[in-house]
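Please examine the structure shown below together with its sequence.

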Amino acid sequence: MQIANVTQYHLEHPMDEPFYPTWIPEYPQSVHECELFEIETDDGITGYAASPSFAGGLDYEAPLSYFLLGEDPHNITGIRKKLESIGLIGPRSWHVEHALWDIIGKDAGKPVYELLGGEHAEIPVYASTGQVMDTDERIEYIERRIAEGFEAVKLRITEPEQTEIVREIREAFPELTLMVDANKGWAVRVMDDETAWSYSDALAVARDLESIGGVAWLEEPLDRHDFDGYARLREATDIAIAGGEFDDGVWQLHEALKRGAYDIIQPDAALATGIEGGKEIAAHAAQNGVEFVPHTWTNGLGFVANLHLVCAVGGRWCEYSIEPPWTPAVRDFMLTEPLTQEDGTIAPPSEPGLGVEIDPAVLD
């Protein structure tokens, strides 16, 4: 089997109204943009993958074709080396590996999680927010999520004093599991710079969260490459420290584990590692007593790839991005059916490959 054709589609899906994601400071996001890649083989099997996009698109069909045409899609390790080369001259391309697994699973008649050695399982999800809200608005949001079956919610904060919002949420929902994401690991600086935290800021926030109680982790309070700062913070606080979602390639994540940076490591298979690399990091994390809970806020294909990975490695949580107008229908607009949780859990599709279908209308 050989890769015979690579086709890229730039997709845009409008939202009902804008929202303000903390990772693009001051930017009113009103459109979900992504790059969809269709990888066709000479055996007639097609796999799909998608990456986030921005500002009208990132076109790299031509260089991707140059590296992939004629390759056997089963040669995951070899093609990953080519994806590293693409990253030297253009966008990081770990998401492309998802299409290879899609092809391999369809060829074998097996879902990806089974190819990875996993068994079908229902995975608990936490509702992941994307912007800072005041307490009253966030209480309304949480009440809706609890009614939908969620038992955990991840809040966003961008300033140290916003731990007061977390405290007020804890008082309103004393039994709810909370996570807190500071979003200081990285940012898209198109409108404004993010407010960086010093180590002292991060420590003060961690100590506040300790006093609030019931906080499962503090996520990315420092730059994503400040491994020594993260290790120092871990030593100084009882709050679990999480990060690693946007590191580029497994070597950075291995280095983070080597330096003791995290209690919880969160590489996104669409952004940081691909599926094979994610499984490698999950194994290394387990050897070091570190929990593996990948970030997954990209699109429906990125989400389902991470879901197969979490299932295969026996992960305890799966992130479920939901911040209306960002909804599962918006996240998964390129799919024929959105991937939805039920009673606080979700399972990966059991159909061959990634187990999802692309809506023909988006290709048209």
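Leaving aside neighbours within four places in sequence, Asn299 is in contact with His32, Cys34, Ala50, Ser51, Pro52, Arg331, Asp332 and Met334; contact means heavy atoms within 4.5 Å. The model is predicted, so local features need pLDDT of at least 70 and side-chain atom pairs count only at pLDDT 80 or more, while totals for chains, interfaces and linings use all residues. Residues are numbered from 1 along each chain as its sequence is written, and side-chain values use heavy atoms, with hydrogens and water left out.

- Asn299 is placed in the loop between strand E10 (291-292) and helix H11 (300-313); helices (H or I, at least four residues) and strands (E, at least two) are DSSP runs, numbered from the N terminus.
- Asn299 counts as buried because its relative accessibility is 0%; buried means under 20% relative accessible area, exposed over 50%, and partly exposed in between, with a 1.4 Å probe and protein chains only.
- A polar atom of the Asn299 side chain lies 3.1 Å from the backbone nitrogen of Leu301.
- A polar atom of the Asn299 side chain also lies 2.9 Å from the backbone nitrogen of Gly302.

**The sheet of E1, E2 and E3**

- Three strands form an open sheet in the order E1-E2-E3, with antiparallel pairing; two strands pair if DSSP finds at least two bridges between them.
- Strand E1 (3-19) and strand E3 (46-52) are the edges of the sheet, and each has a single partner strand, so one side of each is left without a neighbour in the sheet.
- Neighbouring strands of this sheet are turned by 20° against each other on average, direction ignored; axes are lines fitted to C-alpha atoms, for helices over the stretch in contact, and angles run from 0 to 180 degrees between N-to-C directions.
- E1 pairs with strand E2 (residues 29-41) in the antiparallel sense over 12 bridges.
- Within this pairing, Leu11 has Cys34 of E2 as its bridge partner, and Val6 has Ile39 of E2.
- E2 and E3 are joined in the antiparallel sense over 7 bridges, and Glu35 stands opposite Ser51 in E3.
- The hairpin of E2 and E3 has 4 residues between the strands, and Gly44 takes a positive phi near 85° there.
- E2 is largely enclosed by the rest of the structure, because 10 of its 13 residues are buried.
- Helix H3 (residues 96-108) lies across E1, E2 and E3, and runs at about 155° to E3.

**Helix H2**

- Helix H2 (residues 76-89) has 14 residues, which at 1.5 Å a residue should span 20 Å, and its end C-alpha atoms are 20 Å apart, which agrees; the expected span of a helix is 1.5 Å times one less than its number of residues.
- Ile76, Ile79, Arg80, Leu83 and Ile86 are the buried residues of H2.

**Lys154 and strand E5**

- Lys154 belongs to strand E5 (residues 152-156) and counts as buried because its relative accessibility is 1%.
- The side chain of Lys154 makes a polar contact with the side chain of Glu319 at 3.1 Å; a polar contact is a pair of N or O atoms within 3.5 Å, where within protein one must be able to donate a hydrogen and the other to accept it, and residues adjacent in sequence count only if both atoms are side-chain atoms.
- Not counting residues up to four places away in sequence, Lys154 touches several residues, including Tyr126, Met179, Asp181, Trp217 and Glu219.
- In a regular strand the side chains alternate between the two faces of the sheet.
- In E5, Ala152, Lys154 and Arg156 on one side and Val153 and Leu155 on the other are all buried, and both faces are covered.
- Strand E4 (residues 123-128) runs parallel to E5 and is joined to E5 by 2 bridges, with Ser128 opposite Lys154.
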